[in-house]
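Subject: Structure handover

Hello,

Here is the structure for you to look through. Please open it beside this email and find each residue as you read.

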Amino acid sequence: MMKNNKIVYALLAVALVFSCGKTPVKPGPIDVDPNDTISKPDTTIVDPVDSNYIAPGDTVREKPLVMWIDASANFQRFAKKTDIKAILKRARSYGINGIVVGVKPGNGRALYESEFLQPCVTLGGTTVERDYDYLEFILQTAKELGMRVEASASVMVMGENSRRYGTLFDDDYFKELECVEYLPDGLHKISETGEFGAINPAHPKTVAYVKRMLTEMFSNPKYAALDGFVLDYCRYMDYNSDFSDYSRSAFEDYIGKPVDNWPNDIYYFKTPETKKGDFTPGPLFNQWIEWRAKVIHDVVAECRSAIKAVRPDADLSVWAAAWYPLPHTGQNWGSPRYTLVDSNWWATNNYHTTGYADQLDYFQLGAYYSKVYGYSSDAIEYSINISKQILKGDCPMWGTFSVASQKFDVESAVKLCLTKTDGCMVFDLCHIASFQHWKKIKAGADAAWEELGVNSPLKSKQIP
């Protein structure tokens, strides 16, 4: 069995690397004026149009075509109000009708008005002083352009480990929530060994922080026009966490008995030289996987309750990697009625009940593959078809993909996601700007609207 396990672990290790794919890589050359932080004027930019416009003969409106604005990758790009206005106007002129804007990056600081999180002034070694409310101004500008606006946060990441900087390191509330990882040489705090300063999703103080963040954001009159929130990194970082005393106690309560041989009854390492992912499952491994998925399910459910309590009309979404299932992160984004997942060797007969699709207003499927069409597991088209079966109609689904490569077929990906799912999210602004993907996005959208029988507002008003 161990030989087969190693193959599975190897495949999942690859998946884990890609599941962190929303952390942007360094993009290529950026189209900026050396004397400013925004691109030079583009004469093809047109005046924004009403996203709800319906051309004569059309019966439905456009689907969401959304651009993700990562807080870290665009921290300096969005430093000035003039930058924000110019970039959002450009995006709108090329058919993008919505944005997801990061408001709490991985350092645990806030890019919105928060009463308990410190403001984000320095990020990745770069300092930007703002005399305005970041989220409020982006929201106001985007709404003037007729765009959908959702906020997002890296929920479980609260510090930059490489710089020993962030909320995890200077706020006592979060210090006690730090994940503990079980590695070949023993138990370690994740800030000492991991890439991200992650906190324990199972701890009630973690759930309280997330709910407070959502409540204060959606009850603030300045952000009344927010359309929704996308949970990002709402997960465990990997198989190796969390092995804190709290998690042990909570797991024992869940299974109704003590764990006598902790943590080896979960998994163990045969030699101290093995890598962190090269472990052997113990007798309680499958129940452990189920419990962690139940933890993430409950976090999502609590987030839904928090938002709906103050803004019933606001949407709750989750971005998660498409390579289902994800036992290493605890993210069972499928329907609780999708029982086929229980056939996996690591799953219990009740694992399917941890699915949280029915807690979402829609799901963002992270199909970050290089191939658009095809029926192999590395193609966006295949991923969309399989995911519909996994979700079982419990919530709408958007197709999402990364345009981090100059050679990626952006036009086809946009068309596919708009025609075959309920919306499309393009990741990320930094890549779109670097590689000048704007026209490809618009071409894909126009092709989709034509196929669906919906003229885009730009084409309907005879704008070339």
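Predicted model: local features only at pLDDT ≥ 70, side-chain atom pairs only at ≥ 80, totals over all residues.

**A covered helix**

Begin with helix H11, which spans residues 410-420. Eight of its 11 residues are buried, so the helix is mostly covered. The buried ones are Val-410, Ser-412, Ala-413, Val-414, Leu-416, Cys-417, Leu-418 and Thr-419.

**Aromatic rings**

The structure holds 34 aromatic pairs. One of them is formed by Tyr-267 and Phe-279, whose rings are stacked with 4.2 Å from centre to centre and 25° between the planes. Tyr-267 belongs to strand S11 (residues 267-268), while Phe-279 is in the loop between S11 and strand S12 (280-281), so this pair ties together parts that are 12 residues apart in sequence. Both residues, Tyr-267 and Phe-279, are buried. They also belong to a cluster linked by ring pairs. Its members include Tyr-182, Tyr-239, Phe-243, Trp-262 and Trp-345.

**Charges over rings**

Two tyrosines have a charged side chain over the ring. Lys-205 lies over the face of Tyr-173, at 4.3 Å from the ring centre. At Tyr-236, the charged end of Arg-292 sits over the ring, 4.4 Å from its centre.

**Backbone details**

Most residues other than glycine have a negative phi, and most peptide bonds are trans. Where are the cis peptide bonds listed here? One joins Ser-241 and Asp-242, with omega about 5°. Asp-242 is in the loop between strand S10 (228-232) and helix H8 (245-255). Another cis bond runs from Phe-427 to Asp-428, with omega near 10°. Asp-428 is placed in the loop between S16 and helix H12 (429-435).

Positive phi values come next. Lys-392, which is not glycine, has phi near 55°. Lys-392 is found in the loop between H10 and S15, and is partly exposed, with a relative accessible area of 39%. Gln-436 is not a glycine either, yet has a positive phi of about 55°. This residue is in the loop between H12 and H13.

Regards

Definitions and conventions: Residues numbered from 1 in each chain as written. Heavy atoms only, no water. Buried < 20%, exposed > 50% of the residue type's maximum accessible area, 1.4 Å probe, protein only. Helix = DSSP H or I, 4+ residues; strand = E, 2+ residues; numbered from the N terminus. Phe/Tyr/Trp six-rings, centres within 6.5 Å; stacked < 30°, edge-to-face > 60°. Lys NZ or Arg CZ within 6 Å of the ring centre and 35° of its normal.
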